[in-house]
Amino acid sequence: MPKRTDIRRILVIGAGPIVIGQAGEFDYSGSQACKALKSEGYEVILVNSNPATIMTDPDMADRTYIEPVTADVVAAVIEKERPDALLPTMGGQTGLNVAMELAGSGALDRFGVRMIGADVSAIRKAEDRDEFRAAMLRIGIEVPPSGLASSVDEAMAVAESIGYPVVVRPAFTLGGTGGGIASGEDDLRRIADFGLRLSMRGQILVEKSLVGWKEFELEVMRDCKDNVVIICSIENFDPMGVHTGDSITVAPAQTLTDREYQDMRDAAIAIIREIGVATGGSNIQFAVDPKTGRMVAIEMNPRVSRSSALASKATGFPIAKFAAKLAVGYSLDEIPNDITKVTPASFEPTIDYIVVKIPRFAFEKFPGAKDELTTSMKSVGETMAIGRSFPEALQKGLRGLEISCDGLDARGERKIEGRDLEECLRVPNSLRLFAIRKALRLGWDAGRISGLTGIDPWFVDQIGRIVEMESRLAAAGSLERIGPGMLREAKRLGFSDAQIAAIFGGKPSEIRAARAEAGVRPVYKIVDTCAAEFEACTPYYYSTYDEENEARRESAQKVMILGCGPYRIGQGIEFDYCCCHAAFALRELGYEAIMVNSNPETVSTDYDTSDRLYFEPVTVEDVLNIWEEEGPIGAIVQLGGQTPLNISRRLEAAGVKILGTSTEAIERASDRDRFRELLIKLDARQPPNGAAVSTKEALAIAARVGYPVIVRPSFVLGGRAMEVVNDEEELAEYMERALEASEGQAVLVDKFLEDAVEVDVDAVADGRQVMIAGILEHIEEAGVHSGDAAMVLPPFSLRPEVIAEMVRLTVRLGLELEVKGLMNIQFAVTRDNQVYVLEVNPRASRTVPFISKATGIPWAKVATKIMVGCKLQEIGPFDFPKRPRYAVKESALPFARFEGVDAVLGPEMKSTGEVMGVDDDIGAAFFKSQLAVGCRLPTSGTVFISVKDRDKKEAVSVAAGFQKLGFKIVATRGTAEFLRRAGVEVEQINKISEGPPNVLNLMEKGDVHLIINTPSGKYPRKDEVRIRTTAIRRGIPLSTTMSSAQAALWGTDRLRKSGGRLDVLPLQEIFGMCEERHADRRAEALAPPPPVG
Amino acid sequence: MEQFASIALEDGRVFHGLSFGAEGEKTGEIVFNTSMCGYQEILTDPSYRGQIVVMTYPLIGNYGTTPEDEESRGPQVEGFVVREASRLASNWRSRETLREYLAMRGVVAVEGVDTRAITRHIRSRGAMKAIVSTLDRDGARLAARAKASPGLSERDLVREVTCQASRTRSDGGGEKRFRIVVVDCGCKASILRLLEASGCSVAIVRADASAWEIMSNKPDGLFLSNGPGDPAVCGYLVSTVRDLLDELPIFGICLGHQIMGLAAGGRTYKLKFGHRGANHPVKELATGRIDITAQNHGYAVDPASLDPEAVEVTHVNLYDGTVEGLRFKRAPAFAVQYHPEAAPGPHDARHLFRRFVDMMAERKGMRLP
């Protein structure tokens, strides 16, 4: 059937900020969908609050709304744009839920919008646990015994009847949020209570736990002619009980016979038909009893998902792109296979390699959180590796994960040193691979390991092959004593040069040289959807140690872009955005872009993004191999975050030409002493500081610069282990911990500038000229990590001379460091308007996509062009928006995932993603930014205020402000008295320890609508923590700094004035159509200074 | 103890690997199969007689072997080539590892070679004669022996795999409404199971059985099975089928399909590298329905050679447009080139067994539920 002509305008809902369980994969699928629909001639309207996405680039959709993905805001967009259809399946659970709300509220009917892909009834059947169960029974597919509960008591009754252990699954939530396994009544009481609160409709499913069964997933697609195909089968390395997002997963399935696989395939086809997903992709999960082969269906996602992104990368079959085409009426046989060009998409990909996905965790970021894997997802990123054997793929994945191991090696095993091995095997955790390694090395029986872990014996045996090879190498003792045959064998099992070198006690470069001499080199094979049955037109490669090399040497001018590897807190989608733009820029200039990355949740690893894609770990060895294979003119390392930067020196030493800012300049900015010299030379101020390798030294420095001081280990990412300490006692205690962890590295001690405003300045430079891209004023005061802080562009409180000084310093630093490309400078401005330089990063920073979206100029593209030799003057002119608006960046925080972890911002970064709120008014922009991270500021009700002494003065004006807007103010004694004395009417309530009525009672009753609670110190009182964690759990807006409380006041004020309505405006209008020039001060602040040089 | 094994192609290309099966040396046509599972069914499919099978999926043997998944009495392939054979079998049904299974049954098997390179070679040069050996490592000598070996069309492989003597299957289960004769050209066990499950009692006859012998079973329908080699070699069967075309409903699969094409006066030809896998899309032209099918054939029916008055092409392969199904316009007979019984492969096309049954019912004036 040809495409539909009865629809013209299609609304696509994006997934919003990156959060645990919903990450970059939805940018990948969303951008594919937008591109596919646009290329078919449809007008695409997009709503997504996440500015760090490629899909929100102004040329991806026709009308791009960077607005909160909530039902009311999307309804406002619908009212304005009047789309004919809504595609709800590209924005993850968020997109689906918002679409369901819009349908429920009648907004879709009111404006005549049809859902395409999956409709309301299909979504409900798949998502509503009871309906799903009933549907499965209708088609004779077994599901685990279960019952629905709307209260804790009901949950207990269900568990009683089906028997413990049970799994709690809240309806309509994301990534298993609020779910868990309860082995007894106490567990269940707690988990059920939490789950009921988080479920969109106060409903949970209590299900018989199948812990220990094998878990499989099938990615299924259906078209309007009812043709159904399976794109990929996935086997979870981890058994049931571990969320599939936290499991190591493998494609294709490894341990199913054809009979079992076909039964599963039949079931999947029956399920997608019964649920009634009209067109598009779905993910269906199954559990299989390893003892009997009995199969049950666990759940179905009627949309593209993390697994479908993985399946797309694993097979070369672009699920989201084709799902979009199917949604507008094409059938699978009408769509050509992208890779072969000559065969249709109505087939099932077959692959001739093995794919392993390994999740990456961030437990170290959340003290108090247990490293335990359950049904609630906790990983923050993942890496995917392709190989021709399981050990090869697994070890490539491990070294791409950047968790200080070069494979399944001794370095990794050290992480579990001193821990009970049996416990490490029995309770699933992020280090289980190393526990298996250790157990095998100690001679534990593989059957016992399999029994303890629930991991299939086949996988344990494959790990055994790695362990055996390592002991063979160790027994040989040196490189000279193994021949090329054994070296090749080790490489075929995925051993890295570094891993082999560690076994022999040598250097990786020696192994590399020996390999070169013996001719043990990797070959590159193509991911082609068809196991070589047809010729592939797409250069999508992976390396392996086999005979035939398929990489095609071409003479074009090529540039290599090094990607960011797995996402982690501190290095997220922002860097992938930059790498994609590098590829776009290179294409514009006629270069071929070679992309190297190992992260499947990215747009950069879409084979459409670059000219040649190498799905490989971003390590020295793997990058050098590609460099030698391809012979590019240079490599771009400054856009992919720390991952490429960390290896840039070693790459350069091995002959790789680094494009743009020199590694020397990067080092000059990061080496503490040289940086200090640099600042002195440029007459720039820096907070007094020092480096200490002992507690005594640290105390001496602190005494010299004065408390409070900010302390951190040197060479860390995302403010890892960074803290503000207030006195000697705290410092001594910190040093004890830090020295132990930092393995002899120095600890940096800086004077902490209290009450200073932090400012980020991003700029591009070509060596001769420096251009300011944007100036971002933080809302939170200095001390909150810039990755977590809310920021505003343009600055809202800085004086012109302060801005001028920051511009002057930026230009001087850019010229002095001969920056060619991007740079980011963090300033602190004290109350007396002194400007201090905190940090200079001559590379792309996290804020580049945000600034690009706020200014309408693709800065990463500009930087890339500079890196290959263009000058700023040739790239311009730069059209900054004529009508300045406020853009607020806010961070999405994962506290709700980690039960019992205090929800306080500090110098250590904790956020997983970001959103942007844009409006003429700063209050409305802030309100939008809060709404976009799931926090709806109240326009009436009660505000609870409890602040530390230092904040009390400021609390008065905030409290008075809220009171003026008609809010009731409640506070505990100390704050209440202070406010009352200042003339604010306050209702005093008990402290928690004093019993009811205290704030917790009010919160539980829903009588508090905003909480302003600033932490009292490094060791917050227990009461505070309980208030904050309860707020997170109950979803009550929470301000932990006075400045964000102030901003909340602005937002509330503005919303009351506009009667609760938010204006929505697409980027295309912000950048293109408005001519008027505002003459107020905000305009001056935004208007960039001309290039200086 | 590791033992070397080599593969040589008639055009001189040689791959050295390790043995994981029996010792020996075998020649045959080298072909590749793209199924990711179902290796035991492939090994035991008589259609592979005369062929050395290369699996494109690199990890083979993971779930071991089980007597239940045998498609015939033991392995039929001349040789078996994989990237990596699992040393451990993990599945609740597994009895033997693949290594044990092959070694016990005398199959020469090679692992540790670049199977993708072999596949690409076959893709570009076409299926060709080859040799697998654990006895000789000299590439030139091996290639020469491969070249000198008889080709598929020089052997009547069907006579090698057809049953010794005609027999009747006894299947106790279910009501049997129809009696059919299966011409065994190397019939897979799954086909017989599915015919029986559709309510047929089955008499099996040799591929060279006469029309008289077939009819003496008083069948309601005739089934022509899959089988190995070049259909043009089976002239005896073609003429038998021609004699029976108007007599009773006929259903043919794979080689059976080719035989029916020949019986209709058409020609068959050799495909460059054949279709072997579990992911081939086949479109039914009348309905537009697409089935993902299991395939295993190196020859195809030439549509230009068919008389459109007599035979209609009902199915085509969406990969390359080749004929995948035929329907006789003047006789109750149809055939498909692919494998509706799958094993290994998707079950999408199992409805064809029902179609055959309906055809017999109609002939008998019966109405089926």
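Predicted model: local features only at pLDDT ≥ 70, side-chain atom pairs only at ≥ 80, totals over all residues.
**Domains, chain contact and nonpolar cores**

Chain A is divided into domain 1 (9-116), domain 2 (141-301 + 325-354), domain 3 (390-521), domain 4 (553-659), domain 5 (754-885) and domain 6 (898-919 + 921-1057).

**Domains 2 and 3 of chain A**
- Between the C-alpha centres of domain 2 of chain A and domain 3 of chain A the separation is 32 Å, and their contact draws 11 residues from domain 2 of chain A and 8 residues from domain 3 of chain A.
- On the side of domain 2 of chain A that touches domain 3 of chain A, the residues comprise 5 nonpolar, 4 polar and 2 charged.

**Chain B against chain A**
- In the contact between the chains, 39 residues of chain B meet 42 residues of chain A.
- Two or more residues on the chain B side come from each of α3 (115-125), β15 (267-284) and β16 (290-302) of chain B, with α3(B) giving the most, 5 residues.
- By residue class, the side of chain B that touches chain A holds 18 nonpolar, 11 polar and 10 charged residues.

**Nonpolar cores**
- The largest nonpolar core has 400 residues, and those with the most contacts inside it are Val12(A), Ile561(A), Ala582(A), Ile636(A), Ile969(A) and Val81(B).
- Helix α21 (residues 573-589) of chain A supplies the largest share of this core, 11 residues.
- Beyond its neighbours within four places in sequence, Ile636(A) is in contact with residues including Ile561(A), Ala582(A), Leu659(A), Thr864(A) and Met867(A).
- A second, separate core has 65 residues, among them Val182(B), Val238(B), Leu326(B) and Leu352(B).

Note on methods:
Residues numbered from 1 in each chain as written. Chains lettered and ligands numbered in written order. Contact = placed C-beta atoms within 7 Å. Helix = DSSP H or I, 4+ residues; strand = E, 2+ residues; numbered from the N terminus. Nonpolar A, V, L, I, M, F, W, Y, C, P; charged D, E, K, R; others polar. Domains from an automatic or database assignment. Core = buried A, V, L, I, M, F, W, Y, C linked by C-beta atoms within 7 Å. Buried ≥ 20, exposed ≤ 12 C-beta atoms within 10 Å, placed from the backbone.
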